[in-house]
Amino acid sequence: MAKGAAGRPRHTVGAARPVSERRRCYFGAPGDIRSGRDFTTRVLDEWGRPGGEERRADMLLVVSELLSNALLHGGSPIELTLVRDGPSARVEVFDGGPGSPAPREPLEAANRPGGRGLHIVDRLSTGWGVVPHHRGKTVWADLSLAGQDGPDSEEHH
């Protein structure tokens with residue numbers, strides 16, 4: 001299940017640091033996942049490509065998985081929000097659908113396509129969870145932007 005608590009604060013408390021937030025809405029059109037990945041790539045470029053290629057690939061995969069789930073199981077509109085808070089980023093995907101997503105058990109998903117997305121999100125994130133709303137939910141995942149081949153890694157030496 002989720003590594004983090006659903007009610008965990010979005011941003012760190014303490015020393016002030018710049019927080020950057022970007023949003024996009026999707027309505028279930030063909031190409032929404034590609035558009036979400038392209039949007040994420042542009043935002044990471046704006047942020048100076050923190051974490052290098054490895055973290056970029058992780059974030060793109062998490063965005064793809066969360067958007068896919070929202071498009072398949074949620075209701076539109078779907079909103080993708082990317083938040084950078086220092087050395088970490090949060091991916092949030094809101095959809096208007098009911099329920100609370102949970103990873104399928106491996107045996108349950110063994111002979112069926114799909115069902116592995118939240119396991120991937122769990123593996124790549126430092127925490128993830130679901131926040132229910134009156135109408136819909138937000139699924140979020142936190143990722144470290146610290147990497148070995150990006151500009152941020154040089155600052156840590």
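A polar contact is a pair of N or O atoms within 3.5 Å; within protein, one atom must be able to donate a hydrogen and the other to accept it, and residues adjacent in sequence count only if both atoms are side-chain atoms. The structure examined here is a predicted model, in which local features need pLDDT of at least 70 and side-chain atom pairs count only at pLDDT 80 or more, while totals for chains, interfaces and linings use all residues. Residues are numbered from 1 along each chain as its sequence is written, and side-chain values use heavy atoms, with hydrogens and water left out.

The secondary structure of the chain comprises 5 helices and 5 strands, where helices (H or I, at least four residues) and strands (E, at least two) are DSSP runs numbered from the N terminus. Along the sequence these elements follow the pattern β-α-α-β-β-α-α-β-β-α. The chain has 157 residues, of which 39% count as buried. Buried means under 20% relative accessible area, exposed means over 50%, and partly exposed lies in between (1.4 Å probe, protein chains only).

The strands form an open sheet of 5 strands in the order S1-S2-S3-S5-S4, with antiparallel pairing; two strands pair if DSSP finds at least two bridges between them. Strand S1 (19–26) and strand S4 (127–133) stand at the edges and each has a single partner strand, so one side of each lacks a neighbour in the sheet. On average, neighbouring strands of the sheet are turned by 15° against each other, direction ignored. For such angles, axes are lines fitted to C-alpha atoms, for helices over the stretch in contact, and angles run from 0 to 180 degrees between N-to-C directions.

Strands S1 and S2 run antiparallel and are joined by 8 bridges; in this pair Ser20 stands opposite Arg84 in S2. S2 and S3 are paired in the antiparallel sense over 7 bridges, with Glu79 opposite Phe94 in S3. These two strands, S2 and S3, form a hairpin with 2 residues between them, and Gly86 in the turn has a positive phi of about 65°. The antiparallel pairing of S3 and S5 extends over 8 bridges, and Ala89 stands opposite Leu143 in S5. In a regular strand the side chains alternate between the two faces of the sheet.

Of the 8 residues of S2, 7 are buried, so this strand is largely enclosed by the rest of the structure. Arg84 belongs to strand S2 (residues 78–85) and counts as buried at 17% relative accessibility. The side chain of Arg84 reaches the backbone oxygen of Trp47 at 3.0 Å.

Trp128 has its place in strand S4 and is buried, with a relative accessible area of 2%. The side chain of Trp128 makes a polar contact with the side chain of Asp122 at 3.1 Å. Trp128 and Trp140 are 12 residues apart along the chain, and their C-alpha atoms are separated by 5.4 Å.

Grid points are joined across faces, edges and corners, and a volume is the space filled by probe spheres set on the points.

The largest pocket has a volume of about 430 Å³. Its lining consists of 23 residues, of which Asn69, His73, Pro101, Ala102 and Leu118 lie nearest the centre of the pocket. Two or more lining residues come from each of helix H2 (52–73), strand S3 (88–95), helix H4 (117–124) and strand S5 (136–144). H2 gives the most to this lining, with 7 residues. The lining of the largest pocket divides into 10 nonpolar, 8 polar and 5 charged residues; Ala, Val, Leu, Ile, Met, Phe, Trp, Tyr, Cys and Pro count as nonpolar, Asp, Glu, Lys and Arg as charged, and the others, Gly among them, as polar.

The count of cavities of 30 Å³ or more comes to 1. The largest cavity has a volume of about 50 Å³ and is lined by Leu44, Asp45, Arg49, Pro50, Gly52, Glu53 and Arg56. Helix H1 (32–46) and H2 each give two or more residues to the lining of the largest cavity, and H2 gives the most, with 3 residues. The lining residues of this cavity divide into 2 nonpolar, 1 polar and 4 charged.

Conventions
On a 1 Å grid over the protein atoms alone, a cavity is a set of points where a 1.4 Å probe fits but cannot get out, and a pocket is an open set with protein on both sides within 12 Å along at least five of seven lines; lining residues have an atom within 4 Å of a point.
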